[in-house]
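I opened this notebook to record what I looked up in one model, entry by entry. The entries follow the order in which I made them.

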Amino acid sequence: RFASFVNRRSPFWVEAMDLEVPSELEGKIKEWAQQAQSADPAVCVSAVRELRKALSKEVDPPIDQVIETGVVDKLIEFGADQANPEPAFESLWCLTNIASGSSKQCSCHPGGLFSLTGNTRVSLSLSL
């Protein structure tokens, strides 16, 4: 969406912008998505944090690439885990960034991204 807006509004500087996800980042996204499935909690938290940082890009975040890895189910699982607030916080931030995308991106999970609103512990830490 942003690229088409920019193309119409400022064609002279769009060519200088790289709106595609670099293959290096795409490889990292796949790696982080695999690490998020790890049995080691520290590896999971680190991977989800890196996914969150990638999804927090101001211009053209790699939402589709993250969805394509299949990690959304794991993010929802982490977000629902009230016993572990750190991975829940990071994963809910990822899901919020995914939800800020298009309606197609928001519907990437059959249960929807907003089934986690009952996680009061994380909600409380987010509001502080």
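Entry 1. I began with the contact of α6 and α7, where V72, L75, I76, F78 and G79 in α6 meet P87, A88, S91, L92, C94, L95 and I98 in α7. Contact here means heavy atoms within 4.5 Å. Ala, Val, Leu, Ile, Met, Phe, Trp, Tyr, Cys and Pro count as nonpolar, Asp, Glu, Lys and Arg as charged, and the others, Gly among them, as polar.

I note the basis of these entries: the model is predicted, local features need pLDDT of at least 70, side-chain atom pairs count only at pLDDT 80 or more, and totals for chains, interfaces and linings use all residues. Residues are numbered from 1 along each chain as its sequence is written, and side-chain values use heavy atoms, with hydrogens and water left out.

Entry 2. I then looked up the geometry of the pair. Helix α6 covers residues 72–80 and helix α7 residues 85–99; they pack at an angle of about 130 degrees, with axes 7 Å apart. α6 is therefore oblique to α7. Angles under 35 degrees count as roughly parallel, over 145 as roughly antiparallel, 65 to 115 as roughly perpendicular, and the rest as oblique. The axes are lines fitted to C-alpha atoms, for helices over the stretch in contact, and angles run from 0 to 180 degrees between N-to-C directions. The crossing of α6 and α7 is left-handed; that is, the near helix is turned anticlockwise from the far one by less than a right angle, whereas clockwise would be right-handed.

Entry 3. Which residues of α6 are buried? I list V72, K74, L75, I76, F78 and G79. Buried means under 20% relative accessible area, exposed over 50%, and partly exposed in between, with a 1.4 Å probe and protein chains only. The buried residues of α6 pack against α4, α5 and α7. I looked at K74 separately: its relative accessible area is 15%, so K74 is buried. Not counting residues up to four places away in sequence, K74 touches A36 and Q37.

Entry 4. I turned to α4 and α7, whose axes come within 9 Å and cross at roughly 25 degrees. The two helices are therefore roughly parallel to each other, and α4 passes α7 in a left-handed crossing. On the α4 side I recorded V45, V48, R49, L51, R52 and L55, which meet E86, P87, E90, S91, W93, C94, N97 and I98 in α7. The residues of this contact divide into eight nonpolar, two polar and four charged.

Entry 5. One of the α7 residues in that contact is E86. Is E86 buried or partly exposed? At 44% relative accessibility, E86 counts as partly exposed. E86 touches V45 and R49, not counting residues up to four places away in sequence. The C-alpha atoms of E86 and V45 are separated by 7.3 Å, although the two residues are 41 apart along the chain.

Entry 6. I next traced the largest nonpolar core, which has 22 residues. Such a core is a set of buried Ala, Val, Leu, Ile, Met, Phe, Trp, Tyr and Cys residues joined through side-chain atoms within 4.5 Å. W32, L51, V66, V71, L75, L95 and I98 have the most contacts inside it. At least two residues each come from α3 (23–35), α4 (41–55), α5 (63–68), α6 and α7. The largest share, six residues, comes from α4. W32 touches L25, A47, E50, L51 and A54, not counting residues up to four places away in sequence.

Entry 7. I checked two loop residues. D60, in the loop between α4 and α5, has a phi near 50 degrees, a positive value in a residue other than glycine. Most residues other than glycine have a negative phi. D60 is partly exposed, with a relative accessible area of 33%. N84 is found in the loop between α6 and α7 and counts as partly exposed at 38% relative accessibility. The C-alpha atoms of N84 and P41, 43 residues apart along the chain, are separated by 9.6 Å.

Entry 8. Last, I noted the overall figures. The protein has nine helices and zero strands; helices (H or I, at least four residues) and strands (E, at least two) are DSSP runs, numbered from the N terminus. Buried residues make up 37% of the 128 residues. Among contacts between residues at least 6 apart in sequence, 61% join residues at least 24 apart.
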